[in-house]
Amino acid sequence: MTITQSDLAAVRSAVGLVTDPEYPDLTIKQLGILEDVVIDASSIRVDLVPTILGCPALSTIEKDVKLAARKLGHEVVVRFCRAPVWTPDRISPDARQILANEYTIAITPRSGRTQCPVCGARSMEKRSDVGPTACRSVHWCPECRNPIEVVRAREIKVQ
Amino acid sequence: MEKFEDFLDAGGVVEPNDAMPESYRNAVFRFIELHANSEYMGGLTERDWIPKAPGLHRKLTALAKTQDEIGHAHLLYMIAADLQIKTREEMMIDLLEGRTHFHNVFHYRVHSWTDQIAVAYLVDAAALASQQAVFRNCSYGPYKRILRRVIAEEGFHMRNGEEMMLLMAHGTRTQHEMMQESINRWWLPAVQLFGPDSRPSDELLRWHIKSERNEVLRDRYVQKFVPQLLGGGFTVPDPGLRKDPVDGKWKISEIDWEPLKKTMRNGGPDSARRIADARTAWQNADWVRKALDSSSEVYA
């Protein structure tokens, strides 16, 4: 069976709607986990970028991606990429809003101090490098007195 | 107090910087401390299964779940300590000395891998249902925010438990039998997790710390899990279980709450060993706490 461009587009949009196993109102596309959907030899391949190596949700995401494609009649190959590296920059602006408003999760900015999603203060104190998940650290906002989880940014050395 | 209760009834949310009656502060504190203790003790149980879980994938899951539970405990202890009734250290010491409590389900021995699956499938689901009911209109802001994430993460645990249970349901005869034995051990503790029927005067309900009565949650759980277990080819360990011919709902036998009361006072079958184990973990990590506390002096 030859894969047409419209097949590819259909799979791409279906796979983009697969949601995160822990956050059902966020898609893997919004979170920047979906890198690309391409034709590889005679099949469709979905490239995913894990937020963190050893993430326990990867096999669930893989299963959900395959299922979404199967519903359109396509069997896809899922590949977890080592490059590019996932960074919080890959999270879309609308997903950032949902993370902040719904889940009180902040994102480390490129520069400057992280803002508290509850009260907007920029005086949070880090309490732990990792929290309930390996991709977030735990901070304390002394202004509104809430514990805030912050999506960790990995430092990328520019060669 | 009347004004405060009107505020809560109108859906008001209390923040740490707001004034609140001392009795409310105490009730919120006790509730969060119990939840934090339970997450912590649950994390230690999960930890025991990291080396024993079959295969790398299951080990990874056990590792991640341990991190989840300990992480939840950390967040909950932070907001509990912020209520300024006890420090985090005081809460830990009280727990390790057996002076405070944790959920009934962590007072029993986990005998086998299928027991661990039963805990993930039956117990985590019960815990999730009760947390969802607290979240729905919880009046204490910081707790509600943490619950939002706890629920999201526990949902993932439950999916995992369901997946493992189905694997056993469709596995070999031995696997199926082992799973049934574990269901027999864990069904009642899971159903009891919701506690006895709520008293009409329950202040947790009146102050919107909880939003649903214990018996309502328990019944909803029974309606969902009895058909699931039967569908998996298992039996429910309750000789009095029946389907009501009038409303078509599953009815379970009358529960004797006396053993639960004893269990909740840390007198359950495995309470002493679990608390001793937690104490050892705390002592073994003493050097880590000391190193972290002195790091600012050493590296300043």
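In this predicted model, Q84(B) is found in the loop that links α3 and α4 (88-96) of chain B; helices (H or I, at least four residues) and strands (E, at least two) are DSSP runs, numbered from the N terminus. Although Q84(B) is not a glycine, its phi is positive, at about 60 degrees. Q84(B) has 10 other C-beta atoms within 10 Å and is therefore exposed; the cut-offs are 20 or more such atoms for buried, 12 or fewer for exposed, and partly exposed in between, with C-beta atoms placed from the backbone.

Residues are numbered from 1 along each chain as its sequence is written, while chains are lettered from A and ligands numbered from 1 in the order in which they are written. Because the model is predicted, local features need pLDDT of at least 70 and side-chain atom pairs count only at pLDDT 80 or more, whereas totals for chains, interfaces and linings use all residues.

A41(A), which is not a glycine, has a positive phi of about 55 degrees. This residue sits in the loop between β1 (34-40) and β2 (43-48) of chain A, and A41(A) counts as exposed because it has 6 C-beta neighbours inside 10 Å. Further along chain A, the peptide bond between A83(A) and P84(A) is cis, with omega about -5 degrees. P84(A) belongs to the loop between β3 (76-80) and α3 (93-103) of chain A. As a reminder, most residues other than glycine have a negative phi, and most peptide bonds are trans.

Turning to the domains, chain A is divided into domain 1 (5-80) and domain 2 (90-151), with bounds from an automatic or database domain assignment. Their centres, taken over C-alpha atoms, are separated by 27 Å. Contact between them involves 7 residues of domain 1 of chain A and 9 residues of domain 2 of chain A; two residues are in contact if their C-beta atoms, placed from the backbone, lie within 7 Å. On the domain 1 side, 3 nonpolar, 3 polar and 1 charged residues take part. Here Ala, Val, Leu, Ile, Met, Phe, Trp, Tyr, Cys and Pro count as nonpolar, Asp, Glu, Lys and Arg as charged, and the others, Gly among them, as polar.

Between the chains, 25 residues of chain B are in contact with 21 residues of chain A. On the chain B side, the elements that give two or more residues are α3 (56-82) and α6 (141-169). The largest share, 13 residues, comes from α3(B). By class, this side of chain B has 10 nonpolar, 7 polar and 8 charged residues.
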